[in-house]
Amino acid sequence: MAEMDKHLLTRALDVSAVGIVILDPDQKIVFWNEWMEKGSHLPFDTVFNQPIFELFPNLVNSRVERAVEGALTNGLPTALSHRLTPRLFPLYTASEKGGKNAKMSQMVLVKAIRDSDGIRYCMIQIEDITNTVSREHLLRNQARELEKSKQIAQSANQAKSDFLANMSHEIRTPMNAIIGMSHLALKTDLDARQRDYLQKVNNSAQSLLGIINDILDFSKIEAGKLTMELVPFYLDDVLKNVANLISIKAEENGLEVSFHVDKDVPLNLIGDPLRLGQVLTNLASNAVKFTKQGNVVLSTHVKALQEYRVVLVFKVKDTGIGMSEAQQKQLFQAFSQADSSTTRRFGGTGLGLTISKRLVKMMGGEIWVESAPEQGSTFQFTATFSRKDTDRRRFRLPSRDLIGLRVLVADNNPIVREVTQKSLASFSFQVTAVASGEEALFEIENALGNNQPFEIVYLDRNMEIMGGMETAHEIKRRFSQKKLPKIILLTTYSQQDVVKAARTDDVDVFLTKPVNTSMIFAASMTVLGHRVAHANTALREQIANENALRGSHILLVEDNEINQQIAKELLEEEGATVQIASNGQEGVAAIELVQFDAVLMDIQMPIMDGYVATRIIREDERFADLPIIAMTANAMASDREKCLQAGMDEHIDKPINPTSMFQILSRFIKPKQLIADKTNPLDEREQQEVVAQQQIPAEIERQTVLLPDTLDGIDMNRGLHSVNDNKTLYLKVLRGIYTRNQGIAEQIKSALDIGDGQTAQRLAHTFKGVSGTIGATKLYEISAQLEEAIKFGDDTNISGQLNLLSEAVKPVMVGLAQLFEQEKQHTNTEIEQKTLDRKVDKTQIDALISRLTVLIEDGDSDALDVVNKLKKIVGSSHYDAQFNQLELLIDDYEFEQAQVIFQQLVAVLSEI
Amino acid sequence: MEKVECRRVFKLSALEEDALKEFFNMGLGMAADSLSQMVDNEVLLSLPQLKIVSYEEATAHLVANQKEKLVAVRQNFIGELSGTALLIFPGAESLELVRTLLSDDMPLDILSELEQETLLDVGNVILNAFLASFTQMMSVEFDFEAAEFLKGSSEFLLNITSHLATQQRAIMGDSVADDERAVLLMMDFKTSDEEKKQHTLSGFVVLLFTRQAMAVLKKELETILGQW
Amino acid sequence: MSNQTAIIIDDSSLARMMVRKIFATSMADWTLLEAANGDEALALMADKSVDLALVDFNMPGMNGIDLAERMMETAPSMSIHLVTANIQERMRIRAESMGLGFIKKPINAAKVAEIMKHIGH
């Protein structure tokens with residue numbers, strides 16, 4: 001490059017848009033451009049040849065100084081950014097904010113340059129970034145404001161959904177009372193008008209509850225709090241539940257609802273059964289709501305099947321009012337139904353589909369609708385599930401011989417007929433379907449003629465002209481000499497009771513509609529005398545439901561008195577006996593004393609909540625299998641999760657829906673003899689007798705309880721209160737203490753002697769619980785202290801408390817000894833056990849006697865069987881004469897005479 | 001075949017590679033020291049991984065680690081041993097780094113102008129510390145170009161022709177493919193801030209040399225090792 | 001005071017070479033042991049009494065601080081110095097709080113001489 005005019009170069013540097021300073025090897029300023037003069041208010045001649053850090057002493061030991069040194073000694077360049085360099089040159093600039101002499105924000109570059117002799121100089125280049133800084137400052141402020149308002153909006157939203165969740169909880173509690181009480185009231189004697197009123201109260205409460213649930217779900221969706229569970233479930237159970245929920249309404253509308261599940265749909269799935277059920281129920285109940293006549297069909301088929309995953313298509317098709325395209329478009333938006341007039345006409349929040357859409361999305365699927373006005377609607381959605389037990393085939397026929405089995409279906413509803421036929425055909429049965437009773441009879445006759453008789457006949461009860469019952473009767477009558485088919489009668493929900501009352505021999509199995517494939521399978525297998533393993537849950541539930549609870553002993557742990565009353569009476573209606581504990585602690589104490597078939601556990605309770613109580617119960621191996629069912633009013637998926645984690649088996653939402661409570665309970669309470677274990681599982685009579693044996697008529701026993709006015713060391717009022725004034729139970733608990741805990745102090749001591757602190761602590765803990773329950777305040781306090789002392793290994797305190805305990809127990813036991821005078825004579829445990837056994841016998845005898853009283857009064861020849869049972873239980877040949885006479889009389893229908901003999905027998909038996 | 005050939009030319013002995021690693025290690029230590037003074041927190045150091053790789057291998061390595069555009073600070077050095085030093089941050093981590101340094105309470109979605117300047121500053125500090133310790137061991141003289149902020153694909157960043165005018169000229173006369181060599185040194189920075197575990201930073205330092213420069217480097221290493 | 005033993009533990013052979021050279025030049029009466037990592041060092045020292053240890057911090061396997069801790073247990077009287085490229089203040093504080101010497105890399109004769117002054121040679 002040619003030598004350039006020095007003046008020209010200096011001018012160029014002077015007018016640069018950046019500050020330029022050049023330092024010699026001694027850090028003295030040798031160049032300072034005009035930009036620097038302006039910014040620093042220092043003319044070049046005042047700074048020339050000055051060491052820069054003497055000019056700017058505040059920069060000594062700063063990054064700037066180190067950068068300059070680095071450049072001069074090593075030739076290393078440095079870029080000093082505004083934010084990371086606290087100390088920069090004192091330069092000023094004009095800015096909007098700071099006026100004419102605002103402090104300049106700078107970006108500084110420090111570089112080494114060499115002169116023509118190769119000597120290193122240092123060049124400092126300064127850029128004014130004040131505007132950039134204030135611009136970004138503004139930008140950040142804006143972003144901050146935005147974030148702030150977003151947070152405010154979010155927390156407002158949070159507050160809103162917290163409020164809703166809270167309100168929903170608050171609303172549920174009185175709702176429980178309204179629904180439960182009206183349900184109970186409906187079971188009492190009412191005149192038509194009262195019944196109508198109450199029915200309307202109950203219906204309204206139910207639909208109000210539905211609305212509250214919708215709103216809660218919607219608020220959860222809004223707050224992004226809706227969660228999906230991943231639990232193994234059985235698809236048919238979900239469908240059955242949906243059927244239960246919509247069948248009553250469907251029947252009121254005169255609709256047929258049918259379910260069809262394609263043969264290749266896997267039933268063992270992993271996903272969220274509650275949410276799936278919610279979507280299906282929503283779609284199905286919409287379908288029912290908007291269909292005046294015709295059918296609602298809910299069908300399921302496979303869209304994609306992999307080894308561990310399946311995509312299912314669910315389809316809900318109705319023959320209802322349908323929708324225009326415009327209406328369909330706004331269908332899935334919140335707060336809108338097809339049009340606002342339908343909202344008024346059909347009720348509902350209009351949130352259902354919005355919620356469904358979201359739930360479907362969370363199940364990895366999508367939802368859509370096909371419809372036209374007056375052409376009905378078809379809602380479909382897909383959902384993805386994981387598969388469990390991928391290799392298990394569904395309806396596996398127990399025997400190859402059953403392939404091609406001939407089955408006849410008679411139903412006047414073409415869709416139900418088709419669905420039933422498809423289901424049966426999917427088991428590889430050979431199915432003939434007809435539309436009427438007459439045709440059915442014709443087909444049966446024909447088949448017999450061709451020597452290809454039907455093995456099973458499905459009859460719809462509601463066929464025109466000749467209904468199912470008549471057809472069944474006619475079949476038995478006409479073909480009595482021939483090989484008779486097994487007959488399965490399809491009834492509707494409301495006909496259940498009528499049909500059961502009729503109790504005809506003509507029908508082998510009653511099935512309540514809507515039926516699904518696995519129910520049809522189970523029913524078919526049952527009438528053919530085959531046991532069905534899992535597939536018959538639904539059917540078994542249906543059959544066992546009413547009876548499963550009969551005779552069962554249930555512990556209800558619940559603090560709210562109204563809830564106690566409702567649950568207790570509902571369960572007692574079903575034949576269960578119920579004991580109440582008002583909090584977790586009482587519950588824990590109660591199960592130590594009495595054997596229960598199941599525990600219903602409230603969650604929020606004073607003293608000890610349901611989670612803690614359950615954990616304590618589960619710690620004890622003896623209660624590992626005791627069914628514990630949570631009752632919560634929170635209805636959050638997370639609560640359910642928490643319940644399961646605490647060791648509970650299931651979860652019931654409050655307000656209690658009686659049907660689902662019974663269903664859930666019956667799933668856990670095993671009837672002592674399972675229907676499926678018998679060759680003819682549906683023999684109801686036998687069933688009831690089993691039940692009668694188990695039943696402990698609480699009322700009868702309660703009347704006979706005699707309690708003393710006072711008991712030494714026991715606050716009886718408090719004790720009775722803790723068992724809800726159930727004197728029988730109180731007596732039972734007292735007896736329990738008396739028989740088991742005479743030597744409680746010694747028991748604890750000997751456990752401690754062998755170093756088993758755990759057992760010692762448990763004994764103290766249990767004793768604390770029971771003494772609290774009976775109102776033995778002093779014993780309670782001592783054992784509480786003792787338990788603490790054992791827990792902390794406080795040996796001196798332990799021995800002190802043990803002495804106190806053994807002293808304090810004595811007077812209480814003396815008092816109890818007087819109360820249980822008879823037992824006092826037999827102190828050794830063997831005899832006690834016998835006494836207990838006899839006690840059980842006594843209650844069984846009482847139960848049978850009361851049942852027999854009714855049967856004989858009614859002139860029912862079923863009495864004969866009960867007499868037999870009674871005879872067996874009494875077990876003594878001493879009464880044989882009376883029993884034989886009674887049997888003869890009943891057999892001859894001489895009920896009046898039988899009554900007399902029976903009374904005599906009862907009088908004798910009561911002396912046992 | 002040609003590639004195998006040229007690889008042999010640049011094959012460093014185990015001892016030479018070890019020495020280079022130790023220089024880098026010391027450079028890394030100095031860089032971490034500077035950085036720790038700036039963040040007022042200890043910067044954890046990992047064992048440096050040294051790899052001498054071809055352009056293709058280096059790009060493949062970077063691409064496998066990061067798909068989006070990379071952010072880098074470049075510093076060219078010129079002299080007997082010319083080359084390019086790059087400090088490469090995977091995109092998201094550069095944002096994270098600069099925001100840790102600035103403790104920005106309200107980060108913007110993009111790397112703002114000031115943040116770019118900050119990053120340049122940091123990159124410069126790290127590379128300076130690194131290069132200082134590296135060049136101190138050498139007998140040759142260096143001059144340094146100012147640090148620059150770059151943004152681009154790994155293909156662009158690792159291509160030596162993208163960087164140095166003098167090198168570019170040298171390459172033009174030579175067979176380009178053979179000379180596109182990169183000494184790739186990976187190093188990880190980790191802040192040890194106990195409370196802000198999320199602020200884990202990492203980056204690569206890459207040195208790009210031409211074949212000629214590599215030969216000089218090898219000779220330098222031989223000289224240094226001869227002293228001991 | 002002759003026949004003292006020192007050990008250098010560093011995964012870098014260059015670093016070991018530098019120490020070897022320094023000892024050969026100015027401390028010929030010392031025996032110098034070398035190890036490339038902590039395990040090697042512990043094995044080497046198992047049957048020897050060592051007076052001075054120079055320990056790198058950043059090594060594969062056990063780091064220098066952990067190694068120093070182990071060595072302090074077995075040979076409490078040994079003088080241990082962390083020799084590291086990690087020259088951060090906090091590293092120095094950590095080393096010194098454990099009673100270790102702290103030497104910034106690269107090591108040189110002057111730095112070794114300084115140590116010797118401290119341990120009385």
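Chain A of the predicted model contains 36 helices and 24 strands. Of the 912 residues in this chain, 50% are buried. Among the contacts of chain A with a sequence separation of 6 or more, 65% are made by residues 24 or more positions apart.

Helix packing in chain A was examined for two pairs that share helix α9. Two packed helices are described by the angle between their axes and the distance between the axes. In the pair formed by helix α8 (residues 235-252) of chain A and helix α9 (residues 273-289) of chain A, the axes come within 9 Å and cross at roughly 30°. Because angles under 35 degrees count as roughly parallel, α8(A) is described as roughly parallel to α9(A). The crossing in which α8(A) passes α9(A) is right-handed. On the side of α8(A), the contact involves A:L235, A:V238, A:L239, A:V242, A:L245, A:I246, A:K249 and A:A250. These residues meet A:P273, A:L276, A:G277, A:L280, A:T281, A:A284, A:S285 and A:V288 of α9(A). Classified by residue type, the contact of α8(A) with α9(A) comprises 12 nonpolar, three polar and one charged residues.

Helix α9(A) also packs with helix α12 (residues 352-362) of chain A, at an angle of about 145° and with the axes 10 Å apart. The crossing of this pair, α9(A) and α12(A), is left-handed. From α9(A), the residues in contact are A:R275, A:Q278, A:V279, A:N282, A:L283 and A:N286. Their counterparts in α12(A) are A:G352, A:L353, A:I355, A:S356, A:L359 and A:V360. By class, six nonpolar, five polar and one charged residues make up the contact of α9(A) with α12(A).

Residue A:L235, which belongs to the contact of α8(A) with α9(A), is also touched by A:T300. The latter residue, A:T300, is placed in strand β11 (residues 295-305) of chain A. The relative accessible area of A:T300 is 1%, so this residue is buried, the cut-off for that class being under 20%.

An open sheet of five strands was identified in chain A, with the order β16-β15-β17-β18-β19 and parallel pairing. Strands β16 (430-434) and β19 (509-512) of chain A stand at the edges; each has a single partner strand, so one side of each is left without a neighbour in the sheet. From one strand to the next, the twist averages 20°. Strand β15 (residues 406-410) of chain A pairs with β16(A) in the parallel sense over five bridges. Within this pairing, A:L408 has A:T432 in β16(A) as its bridge partner. Helix α14 (residues 437-449) of chain A packs on the sheet and touches β15, β16 and β17 (456-460) of chain A. The direction of α14(A) makes about 165° with that of β15(A).

In chain C, five strands likewise form an open sheet, in the order β2-β1-β3-β4-β5 and with parallel pairing. The edge strands are β2 (30-35) and β5 (101-104) of chain C, each of which pairs on one side only. Direction ignored, neighbouring strands of this sheet are turned by 20° against each other on average. Strand β4 (residues 79-84) of chain C and β5(C) run parallel and are joined by four bridges. The bridge partner of C:T84 in β5(C) is C:K104. Helix α2 (residues 38-45) of chain C packs on the sheet, where it touches β1 (4-9) and β2 of chain C, and its direction makes about 140° with that of β2(C). Helix α3 (residues 64-74) of chain C also packs on the sheet, touching β1, β3 (52-55) and β4 of chain C. The direction of α3(C) makes about 170° with that of β4(C).

A further residue of chain A, A:D559, lies in the loop between β20 (553-557) and α19 (561-573). With a relative accessibility of 30%, A:D559 counts as partly exposed. Its C-alpha atom is 9.5 Å from that of A:I603, although A:D559 and A:I603 are 44 residues apart in sequence. Neighbours within four places in sequence left aside, A:D559 is in contact with A:Q564, A:S582, A:D602, A:Q604, A:M605 and A:P606.

How values were computed
Residues numbered from 1 in each chain as written. Chains lettered and ligands numbered in written order. Predicted model: local features only at pLDDT ≥ 70, side-chain atom pairs only at ≥ 80, totals over all residues. Heavy atoms only, no water. Axes fitted to C-alpha atoms, helices over the stretch in contact; angles between N-to-C directions. Parallel < 35°, antiparallel > 145°, perpendicular 65-115°, else oblique. Left-handed = near helix turned anticlockwise from the far one by under 90°. Contact = heavy atoms within 4.5 Å. Nonpolar A, V, L, I, M, F, W, Y, C, P; charged D, E, K, R; others polar. Pairing = 2+ DSSP bridges. Buried < 20%, exposed > 50% of the residue type's maximum accessible area, 1.4 Å probe, protein only.
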